[in-house]
Amino acid sequence: MTNRGFTINERGQLNRFAIEPKVYVDETSRTGFTEYAEKLNGRLAMIGFVSLIALEVLTGHGLIGWLTSL
């Protein structure tokens, strides 16, 4: 029986130790074309695209023109 963080064994003795949580293994793949990887890739691409537009607006040159003028 489980009751508010303690258990009572079959002989009626109280166990005041913490109940251990069930252990599980998350077997979902973390590599390849996962939903998380695709969202992260899309967000980074949007940040890069907006950064290139801001660079062109601020300098008056595109990325290639700005790099050749260095």
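Helices (H or I, at least four residues) and strands (E, at least two) are DSSP runs, numbered from the N terminus. This is a predicted model: local features need pLDDT of at least 70, side-chain atom pairs count only at pLDDT 80 or more, and totals for chains, interfaces and linings use all residues. Residues are numbered from 1 along each chain as its sequence is written, and side-chain values use heavy atoms, with hydrogens and water left out.

Figure 1. From the N terminus, the order of elements is β-β-β-α-α. Of the 70 residues in the chain, 3% are buried. Here buried means under 20% relative accessible area, exposed means over 50%, and partly exposed lies in between (1.4 Å probe, protein chains only). The chain exposes about 7,100 Å², and carbon and sulfur atoms supply 61% of that area. Accessible areas come from the Shrake-Rupley method with a 1.4 Å probe; for residues, only the protein chains shown count as cover.

Figure 2. The score is pLDDT, the predictor's confidence in each residue, from 0 to 100. The chain averages 81, and 87% of the residues score at least 70. Where pLDDT is low, the predicted coordinates should not be read in detail.

**Figure 3. Helix 1 covers residues 35-59.** The expected span of a helix is 1.5 Å times one less than its number of residues. For the 25 residues of helix 1, that gives 36 Å. The end C-alpha atoms are 36 Å apart, which agrees. Gly-60 follows helix 1, and its phi is positive, near 85°.

**Figure 4. Glu-35 and Lys-39 form a salt bridge.** A salt bridge is a side-chain nitrogen of Lys or Arg within 4 Å of a carboxyl oxygen of Asp or Glu. In this pair, the closest N and O atoms are 3.4 Å apart. A search of the whole structure finds one salt bridge. Both residues lie in helix 1, four residues apart, about one turn of the helix. Glu-35 counts as exposed because its relative accessibility is 58%. Lys-39 has a relative accessible area of 42%, so Lys-39 is partly exposed.

**Figure 5. Six named residues make a nonpolar surface patch: Leu-52, Leu-63, Ile-64, Trp-66, Leu-67 and Leu-70.** The patch is about 600 Å². Patches are made of residues with over 30% relative accessible area and no salt bridge: like charges are joined within 9 Å, nonpolar side chains (Val, Leu, Ile, Met, Phe, Trp, Tyr) within 5 Å. Helix 2 (residues 63-68) gives the largest share, four residues. Trp-66 sits in helix 2. At 31% relative accessibility, Trp-66 is partly exposed.

**Figure 6. His-61 lies in the loop between helix 1 and helix 2.** Leaving out residues up to four places away in sequence, His-61 touches Leu-55, Glu-56 and Trp-66. Contact means heavy atoms within 4.5 Å. His-61 is partly exposed, at 43% relative accessibility.

**Figure 7. Ile-53 belongs to helix 1.** With 42% relative accessibility, Ile-53 counts as partly exposed. Ile-53 and Leu-63 are 10 residues apart along the chain, and their C-alpha atoms are separated by 9.1 Å.
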